[in-house]
Amino acid sequence: MKSSTIRNLLKDRIDPVLWTLSRDFVGDTAETASLLWPSPQTDPSPPSVSETVEMLSGMNRKSVFAELPGLLDRLDPSGRYALLKLATGGMRIGVSSRLAKTAFAQAFEVGVDEVEEYWHGLAPPYPELFDWAAHGKPPPDIANLPTFRPFMLAHPLEETVVDLADYAAEWKWDGIRVQLVRAGDETRIYSRSGDDISATFPELLDVLPFPAVLDGELLVRGTHQGGEEGGAASFNALQQRLGRKTVSRKMLTEAPAFVRLYDALLLEGEDLRELPWTQRRARLEQLIARLPDTHFDLSRVVEARDFDHLAQIREGSRDDAIEGLMLKRRDSPYIAGRRVGYWYKWKRDPLLVDCVLMYAQRGSGKRSSFFSDYTFGCWDGDPDAGAELLPVGKAYSGFTDEELKKLDRHVRSNTVNRFGPVRETDKSLVFEVAFDSVHESKRHKSGLAMRFPRIHRIRWDKPVHEADRIEALRALVRD
Amino acid sequence: MPAAAPFSWIKPEPWGIHVVPANAWVDPSRAVDRALVTHGHADHARGGHGTTVATPETLAIMDLRYNTREGATPVEYGETIRLPGGVDATYIPAGHVLGSAQILLEHAGERVIVTGDYKRRPDPTCPPFQVTPCDIFITEATFGLPVFTHPPIAEEMAKLLERLAAHPDRCVLVGAYALGKAQRVIAELRAAGHHAPIYLHGAMEKMCRLYEEHGVDLGELRMVMDYKKEDIRGHVVVCPPSALNDRWSRRLPDPITAMASGWMRVRQRARQRNVELPLVISDHADWNELTRTIEEVGAQENWITHGREDALLRWCQLTQRRARALAMVGYEDEDD
């Protein structure tokens, strides 16, 4: 059942405007419906979970409209909430998957890394995993399955200084980190979270000629080429290709994807993960000759005399597809997760601009009912000579819970206009906005779009006419 | 002289409702010469006015909070006071908290009611809301969305007592607004047969004493600071919502945190507060009470303020009632 089914179910029972206002405040469709559903006159006789599951699995897209109301009538608001969450497959409690794996490992006294590895090759309710951990059967055989292997991740460098004798530097590319897996006769592409995104990038499914698990950055080639390193377009170009289920021929020619390789985990049946980075790197450098250069290249090692020199190189990097530097300990094995001291990421400093809060909208989830999504703008000329504000971006993060409460109050006390769920404010508050880069964009009236904007500081003290002009922001465009 | 336009003598402004001929303001959010105050909550009653017209109970509450004895002009429930400019003001019970009143304003044969905050449920700590006919009904809308229907308070009390009985080694810490909600929860616990001592956060003491002086029986109350952790096991503790996750609560025996508020109806609100036991108890009218009250009062026109005006406005539209939303600021009720 989809959440649109819930909406349709309620359509005959409540005015659509009241529905929208309620949904907007509550921040969750199933919960809104559970609260709006009229309570039964008689005492509820709640169905059991198994009875509910059986009834739900017997329903189809049409019969649900006739059968679900009967179930809802037997429940109180919490019960209705649980039922609707079950029906939409959205029943969730907030436990990280890592915590679940750790708990499993501890319960059966097995290694959490092994659990992590097998987990991705299996499907719920994981009978093979229990057979192995609880009943002493041989471990699930995933060698010939194109399954995801957990990524090795990096810590932010912050104030740490490293010796380049122990650490090698590479560019941190601004695309999406992917794992390319070939096993059996199948290639799959996984995102950092282990999601299978193969369908989005069909041009990469036929180009890896041998079994392997490779770690790299997925980038696209585009008209805005990325400076001296060449070949890669900005993230902005890549974004056009993300989240698509079908890919048009036009997309494939205008923004073809390729993988810039960082590492090799498995190669033709051999597990390289225990080897030091230098050896894996050597294998990777040999390997690249066997791969088509249309779809693969190698993320080169950045040479520097010492750490200070490296810092200069980082400062000077103008390439738009570069997010910063990676520092990898030369003897580091490939270990799932974020282990201290092995890999560091050293991002370029964010760009900053002072913007004025223009519109606010309520958030969802933990922030539902708070105005937590902010649209802000810059001046299109001299604010003292009648310039106007034009929206340049939107941010949802960068502030504390305490600040959120103050911002919510600010929005509510300074609303001048309402457009459905959107509040227009009196434009009296300045945000210092941090962002990674800014690009030309037709989507916004200002003609600009920021990449990863977040609220850096709230400038309660700053007069709005001192906020930045669009020109200042445009000067930071690099592509 | 041409006759003044109907109702031109009453003007809503962002900082209060201006009764023009009397130069008086209802619940002004800034200091004025003459204030008509509906009840003692901080978003309605502020200090610093020249004259404050309110019920004796509300004046006592304001005195406790702001030391505003000067210019206090008491009006009993049902009493009418003549203001300058030919305006009569009558204070009518609103059922919100001790001393809370709707204010009926009459001028040139026209009747306007400002409800302040109100509810329609019985409350052992104050007289019930009285439906009074008028031409313009200025109603609050704190819970003005159809998702807000408050359950009977007896159900919520039963939940609380059940949890308390199940954990004799712990205590139930109830976060409740220090004026009104706290005393109502205590009085309702007594009504539900809970006669054990109830422990209080220091910030609650004076207001509870004030309620007792006004004839509200709260049973045996003890201050947390006078007792040891051991003494409090198996008991109910009441504190202001801000103290729920505060360091202060570390002196309590493994508290089960509860919050008595109409907002607890929404799951995420309870999560935002880190509340284990949400109790849906409100001193405001819920959606059904708001709409029923508008129907029963039957005013020509309804003005809707502080809260979720949009939905109530829509309901008025759907039921062919004249209505408008007022843009008043600073009337927040996050803790109710």
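Seven strands of chain B form an open sheet of mixed pairing, in the order E7-E8-E9-E10-E11-E18-E19. The model is predicted: local features need pLDDT of at least 70, side-chain atom pairs count only at pLDDT 80 or more, and totals for chains, interfaces and linings use all residues. Residues are numbered from 1 along each chain as its sequence is written, while chains are lettered from A and ligands numbered from 1 in the order in which they are written. Helices (H or I, at least four residues) and strands (E, at least two) are DSSP runs numbered from the N terminus, and two strands pair if DSSP finds at least two bridges between them.

**The sheet of chain B**

- Strand E7 (80–83) and E19 of chain B stand at the edges with a single partner strand each, so one side of each has no neighbour in the sheet.
- From one strand to the next, the twist averages 20°; axes are lines fitted to C-alpha atoms, for helices over the stretch in contact, and angles run from 0 to 180 degrees between N-to-C directions.
- The chain crosses from E18(B) through H8(B) to E19(B) in a right-handed β-α-β crossover (with the strands pointing away from the viewer, the path from the first strand over the helix to the second runs clockwise).
- Strand E19 (residues 322–325) of chain B has a covered face with Ala323(B) and Ala325(B), and an uncovered face with Arg322(B) and Arg324(B).
- In a regular strand the side chains alternate between the two faces of the sheet.

**Helices on the sheet of chain B**

- Helix H7 (residues 287–297) of chain B lies across strand E11 (136–141) and E18 of chain B, and runs at about 175° to E11(B).
- H8(B) packs on the sheet and touches E11, E18 and E19 of chain B, with its direction at about 160° to that of E18(B).

**Contact between the chains**

- The contact takes 18 residues from chain A and 17 residues from chain B; two residues are in contact if their C-beta atoms, placed from the backbone, lie within 7 Å.
- On the side of chain A that touches chain B, H2 and helix H3 (29–36) of chain A each supply at least two residues, and H2(A) gives the most, with six residues.
- That side of chain A divides into eight nonpolar, seven polar and three charged residues (Ala, Val, Leu, Ile, Met, Phe, Trp, Tyr, Cys and Pro count as nonpolar, Asp, Glu, Lys and Arg as charged, and the others, Gly among them, as polar).
- Helix H2 (residues 16–26) of chain A and helix H8 (residues 309–318) of chain B pack at an angle of about 170°, with their axes 10 Å apart.
- H2(A) and H8(B) are therefore roughly antiparallel to each other (angles under 35 degrees count as roughly parallel, over 145 as roughly antiparallel, 65 to 115 as roughly perpendicular and the rest as oblique).
- Val17(A), Leu18(A) and Leu21(A) of H2(A) meet Asp310(B), Ala311(B) and Arg314(B) of H8(B) in this contact, which has four nonpolar, no polar and two charged residues.

**Chain A**

- Chain A has 15 helices and 20 strands.
- Of its 479 residues, 33% count as buried (buried if 20 or more other C-beta atoms lie within 10 Å of a residue's own, exposed if 12 or fewer, and partly exposed in between, with C-beta atoms placed from the backbone).
- Five strands of chain A form an open sheet of mixed pairing, in the order E1-E11-E10-E2-E9.
- Leu325(A) lies in strand E10 (residues 322–329) of chain A and counts as buried because it has 22 C-beta neighbours inside 10 Å.
- The C-alpha atoms of Leu325(A) and Glu170(A) are separated by 5.8 Å, although these residues are 155 residues apart along the chain.

**Positive phi values**

- Most residues other than glycine have a negative phi.
- Glu268(A), not a glycine, has a positive phi of about 45°; Glu268(A) is exposed, with 9 other C-beta atoms within 10 Å.
- Gln320(B), in the loop between H8 and E19 of chain B, has a positive phi near 55° and is exposed, with 6 other C-beta atoms within 10 Å.
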